[in-house]
Amino acid sequence: MLTLRIDFPHGVYRAAEPACEGEPEWPPAPDRVYQALVASACAQGLDPTPLQTLEHPPMLWLHAAERMHTGTNFVPGAFLDSDGLGGKQHKRVQRHRPEVRIGAPVFLCWTDADPGLGPWLGPVAAGVDYLGRSDSPAIITLCDAGNGGLHKLSPHPDGEHS
């Protein structure tokens, strides 16, 4: 069994739900964590192939999170200018910053993963700086057990939802 502990030092996780941009993603999608691990391995010059053993859904242990009502960002709307000549005045596009407040770590547990992967995975996990947006720092470490949360989410092979 391999278990990753994810701590959010600012007490906030900032990421949008992929299917609904204005809503916060909670808990962090295992795929998002997997992609961060692949990026970390590549940044360290390591072959990310060993991560393939983590490609199936893990169990998640987590506490509830509180949706935060944050401000709105305005970003340049240049991409809305159809001619691309820049002669028009561009509108500002309103974007909400979805985020949740959390006070406890999240645990991802792969019960059938090879524990021999741990020595390789530890430095790769430590190389992940953030999850979600870049202003959402995260600390990922290997740990012994994933019992640190109130809620347990387990994948079911016949489940209807991802």
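**Entry 1**

I began with strand 6 and strand 9 (residues 99-101), which run antiparallel and are joined by two bridges. In this pair I found Glu66 opposite Arg101 of strand 9. For my own use: two strands pair if DSSP finds at least two bridges between them. Helices (H or I, at least four residues) and strands (E, at least two) are DSSP runs, numbered from the N terminus.

I then looked up the whole sheet, and it is open, with three strands in the order 2-9-6 and antiparallel pairing. Strand 2 (12-14) and strand 6 (66-67) are its edge strands, and each pairs on one side only.

**Entry 1: what kind of model this is**

I noted that this is a predicted model, where local features need pLDDT of at least 70 and side-chain atom pairs count only at pLDDT 80 or more, while totals for chains, interfaces and linings use all residues. Residues are numbered from 1 along each chain as its sequence is written, and side-chain values use heavy atoms, with hydrogens and water left out.

**Entry 2: the whole chain**

I listed the secondary structure: two helices and 12 strands. From the N terminus on, I read the elements as β-β-β-β-α-β-β-β-β-β-β-α-β-β. Of the 162 residues in the chain, 35% are buried (under 20% relative accessible area; exposed is over 50%, partly exposed in between, with a 1.4 Å probe and protein chains only). I also checked contacts (heavy atoms within 4.5 Å): among those between residues at least 6 apart in sequence, 77% join residues at least 24 apart.

I went through the pairs one by one:

- Strand 1 and strand 11 pair over five bridges, with Ile6 opposite Ile140.
- Strand 1 and strand 10 are also joined by five bridges; here I found Leu4 opposite Leu108 and Arg5 opposite Phe107.
- Strand 5 and strand 10 pair over three bridges, and Leu60 stands opposite Leu108.
- Strand 5 (residues 59-62) and strand 12 pair over three bridges, where Leu60 has Leu153 as its bridge partner.

**Entry 5**

How many residues of strand 10 are buried? I got five of its five. Val106, Leu108 and Trp110 point one way, and Phe107 and Cys109 the other. I reminded myself that in a regular strand the side chains alternate between the two faces of the sheet.

**Entry 3: two loop residues**

I looked for Pro27 and found it in the loop between strand 4 (20-24) and helix 1. The peptide bond joining Trp26 and Pro27 is cis, with omega about -5 degrees.

Then I turned to Leu117, in the loop between strand 10 and helix 2. Leu117 is buried, with a relative accessible area of 9%. Leaving aside neighbours within four places in sequence, I found Leu117 in contact with Leu2, Pro50, Thr53 and Leu54.

**Entry 4: a pocket**

Last, I looked up the second largest pocket, which holds about 190 Å³ of space. On a 1 Å grid over the protein atoms alone, a pocket is an open set of points where a 1.4 Å probe fits, with protein on both sides within 12 Å along at least five of seven lines; lining residues have an atom within 4 Å of a point. The lining includes Arg32, Gln35, Asp129 and Tyr130.

Methods. Points joined across faces, edges and corners; volume = space filled by probe spheres on them.
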